[in-house]
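Q: Could we go through this structure together? Please define the terms as they come up.

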Amino acid sequence: MAGSYASLARMARVFVYGTLKRGQPNHDVLLDEANGRATFRGQGRTVEPYPLVIAGEHNVPHLLDLPGQGHCVEGEVYTVDERMLRFLDDFEGCPAAYQRTQVRVRVAVLGREGAPSAPPGPPAADGTDGTDGTDGTGTRTLRCFVYSAATYPPEWLQLPHHPSYDSLGTHGLRYHPRENR
């Protein structure tokens with residue numbers, strides 16, 4: 001039991017909003033145990049709005065680190081072990097392309113078995129349980145790591161801001177996978 005608690009202490013929550021989500025082109029890296037361990041915890045939406053843009057020659061989704069602008073962004077919450085977190089840092093080009101910061105995410109907590117939920121999780125980096133609480137509507141607010149862009153070309157601010165990302169979405173901007181670049 002003590003070993004499993006120690007293992008939980010090294011887990012982190014990560015909010016993914018783009019190509020790492022289920023059904024998206026890079027989701028398989030979360031499933032590959034050679035990269036570490038990732039467990040889906042629920043679907044969520046950022047508490048604060050952020051600009052989610054699709055930019056660059058490869059049509060990559062970027063969450064711009066401008067809280068208060070854009071939309072509350074939809075995505076998924078995962079708990080990951082230290083190895084997966086290090087892998088994701090490398091995969092996302094952190095800290096050169098993206099920065100790993102914390103955001104608050106609302107995750108629906110439903111009582112039915114098999115429904116999306118956000119069970120109590122591991123401690124956050126600040127030593128708390130990572131839970132901000134519930135809002136009285138069956139929604140739990142969690143602190144999660146997210147990969148966001150703090151530096152970007154100024155013209156990205158003029159791009160459409162999306163509330164969610166799908167590589168085959170109506171935006172018409174096809175993502176170019178890494179293996180095809």
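A: Helices (H or I, at least four residues) and strands (E, at least two) are DSSP runs, numbered from the N terminus. This is a predicted model: local features need pLDDT of at least 70, side-chain atom pairs count only at pLDDT 80 or more, and totals for chains, interfaces and linings use all residues. Residues are numbered from 1 along each chain as its sequence is written, and side-chain values use heavy atoms, with hydrogens and water left out.

Q: How many helices and strands are in the protein chain?
A: The protein chain has 3 helices and 8 strands. Their order along the sequence is α-β-α-β-β-β-β-α-β-β-β.

Q: What share of the residues is buried?
A: Of the 181 residues in the protein chain, 42% are buried. Buried means under 20% relative accessible area, exposed over 50%, and partly exposed in between (1.4 Å probe, protein chains only).

Q: How many residues does the largest nonpolar core have?
A: That core has 32 residues, and Val14, Tyr17, Val80 and Leu88 have the most contacts inside it. β8 supplies the largest share, 5 residues. A nonpolar core is a set of buried Ala, Val, Leu, Ile, Met, Phe, Trp, Tyr and Cys residues joined through side-chain atoms within 4.5 Å.

Q: Changing topic, how do β3 and β4 pair?
A: They are antiparallel, with 4 bridges; two strands pair if DSSP finds at least two bridges between them. Val53 has His62 in β4 as its bridge partner.

Q: And which way do the residues of β4 point?
A: Val60 and His62 point one way, Pro61 and Leu63 the other, and all are buried.
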